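I opened the model to look up a few local features. My entries follow the structure.

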Amino acid sequence: MTSTPAPGRAAPARPADPNGFERLRPVADAVLYEGYLLYPYRRSSAKNRVRWQFGVLAPRPWVEADGPVAETVAGSAESWYQQTECLAEAAPDAVLHVRVRYLQVQQKSVQRCTADGRYEPVESLHAPDAVHLSFEEAVPRESDLVLPLAELLAGDRTFQVGAPGGEQTEELPDANGRAVRRCHPVEARTTVHAEPLDGRLYRLRVRTENTGRQVGPGATREEALRHTLVATHTFLGGSGLSFLSLTDPPERAAEHARACRNLHTYPVPADADRAVLSSPIILPDQPRIAPESPGDLHDAGEIDEILSLRTMLLTDEEKREARATDRRAAEILDRVDTMPPEVFTRLHGAIRSLRPAGRPEPATRAPWWEEGGDDGLSPATDRVLVDGVAVARGSRVELRPHGRGSDAQDMFLAGRTAEVAAVFHDVDGSVHLAVTVDDDPGAELHGWYGRYRYFRPDEVRPFGTAPDEKRSDGRHRTPGA
């Protein structure tokens, strides 16, 4: 891990962990490598050909080639900036620590030595005991800034969080070649702002922008990614600070929480409110890795047991390709292949939410993410207008995911038909449709345990109406109309 102290004030040596950042690192690393390389961890897998889906901050001229970026909390859309706003109660002598973390894309090119001593790029090199493949890797980067709150209240502070380019060569004598790893420079800056509110309450803003202009509107995504911050997220911590939840703020801060503006990222308090993790993937307050998890599988949204079982079922040839694809994939295979039975047994699920027998149901309403937990919202009965048609549970739609800012796997579903299972309202005010794909053989099972695909209303075309529904103009619709 590369750590680059930012100009401003050098971070002092930290023998312990005063910020709580190291205690947050397992969660932050899961965010950092979410989708980095998905099972089956092979270069030839279709879903690993379009990577880097979260917290992507690319050069602005390329991002805005088709117009300004839609402002949203979700960090799956490609943007050129990311903004965190959160609330903290602070003492007059409080000191704020900020850490910005991301991945820098690195091209690994394997090259064969020719008879005349030159090197030519090839897709793969074969050694007696290994295979070497050309592939895109990533280098983790992080930058730190330490600022007294009093100094920050006197004016915004801006510091550079980019990374230089570079090249490294690894000789591969057993394969008669070499591997060349090359990074292009990433230019970016972070601006920190603080404003006093009521009493000891302050609003803190951290905005990170890609300032590079190396690629223009006509560049390919592959070219743009060379100068991009990937999986960008931010830590906030320090001394004399206590951070408040924006999801469930105390009553005294509720109005200020609603006024916070988070763009392409969302902050949650962690480490008993002594720190904040602002992530392009929306996390719950006080996030943590399940204690049963033996290591990162590059897909924090999946179940370790399932991924481990699937990894065990790879053939020897598939494992050979996975090991050649990426060293982190090789580490996953090694960990799964050597997992003790008692560790694997712990992956078979854990119950954390049951109350002791005989304890009455608490007289509080359900949490906001469950049915009935948010006044006036009901995923099972809510409707949203799409092209003048009321779409709700039971509606039939054609899937039309956008080309930019969509999940890579969703692109494979373009043109397929699906049934809407629910209408969800996100914390940022946006709407998503949960659907099951018609010709998915596991659709019924997915519906049973609530595993859906999610699309925005502008990514579907209705060709039927919800049960007993009419068009907004009063006329009935017929399927296919």
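**Ground rules.** I call a residue buried under 20% relative accessible area, exposed over 50% and partly exposed in between, with a 1.4 Å probe and protein chains only. This is a predicted model, so I took local features only at pLDDT of at least 70 and side-chain atom pairs only at pLDDT 80 or more, while totals for chains, interfaces and linings use all residues. I number residues from 1 along each chain as its sequence is written, and side-chain values use heavy atoms, with hydrogens and water left out.

**Overview.** I looked up the totals. Of the 481 residues, 48% count as buried. I found 10 helices and 21 strands. Helices (H or I, at least four residues) and strands (E, at least two) are DSSP runs, numbered from the N terminus. The accessible surface comes to about 23700 Å². Carbon and sulfur atoms hold 51% of that surface. Areas come from the Shrake-Rupley method with a 1.4 Å probe; for residues, only the protein chains shown count as cover. I then checked contacts, meaning heavy atoms within 4.5 Å. Among contacts with a separation of 6 or more, 70% are between residues 24 or more positions apart.

**Salt bridges.** I counted a side-chain nitrogen of Lys or Arg within 4 Å of a carboxyl oxygen of Asp or Glu. The count comes to 39.

Arg60 pairs with Glu64, with the closest N and O atoms 3.2 Å apart. Arg60 is partly exposed at 37% relative accessible area. Glu64 is partly exposed too, at 28%.

Asp144 and Arg99 meet at 2.7 Å, N to O. Asp144 sits in strand β6 (residues 135-148) and Arg99 in strand β2 (residues 81-113), so this bridge ties together parts 45 residues apart in sequence. Asp144 is buried, at 7%. Arg99 is buried as well, at 1%.

Glu170 and Arg181 form a bridge with the closest N and O atoms 2.9 Å apart. Glu170 belongs to strand β8 and Arg181 to strand β9, so the pair ties together parts 11 residues apart in sequence. Glu170 is partly exposed, at 37%.

I also followed shared partners. Glu22, Arg25, Asp29, Arg99, Arg101, Glu142 and Asp144 are joined by salt bridges into one network.

**Aromatic rings.** Rings of Phe, Tyr and Trp (its six-membered ring) pair if their centres lie within 6.5 Å; planes under 30 degrees apart are stacked, over 60 edge-to-face and the rest tilted. I got 6 aromatic pairs. Tyr39 and Tyr41 make an edge-to-face pair because their ring centres are 5.9 Å apart and their planes stand at 90°. Are Tyr39 and Tyr41 buried or exposed? Both are buried. Ring pairs also link Tyr33, Tyr36 and Trp52 into a cluster.

Next I checked charges over rings: NZ of Lys or CZ of Arg within 6 Å of the ring centre and within 35 degrees of the ring normal. Arg51 lies over the face of Tyr36, 5.0 Å from the ring centre.

**Backbone.** Which bond is cis at Pro40? The peptide bond joining Tyr39 and Pro40 is cis, with omega about 15°. Pro40 is in the loop between α1 (21-32) and α2 (60-63).

I noted two positive phi values in residues other than glycine. Asn176 has phi near 55°. Asn176 lies in the loop between β8 (166-172) and β9 (177-183) and is partly exposed, at 44%. Asp273 has phi near 70°. Asp273 lies in the loop between β13 (266-270) and β14 (275-279) and is partly exposed, at 29%.

**Tyr202.** This residue is in strand β11 (residues 201-210). Tyr202 is buried, at 12%. Tyr202 and Ala90 are 112 residues apart in sequence, yet 7.2 Å apart in space, C-alpha to C-alpha. Leaving out residues up to four places away in sequence, Tyr202 touches several residues, including Cys86, Leu87, Ala90, Leu149 and Pro196.

**Surface patch.** Patch residues have over 30% relative accessible area and no salt bridge; like charges are joined within 9 Å, nonpolar side chains (Val, Leu, Ile, Met, Phe, Trp, Tyr) within 5 Å. Leu445, Trp448 and Tyr449 form a nonpolar patch with about 420 Å² of accessible area together. Tyr449 is in helix α10 (residues 443-449). Tyr449 counts as partly exposed, at 44%.
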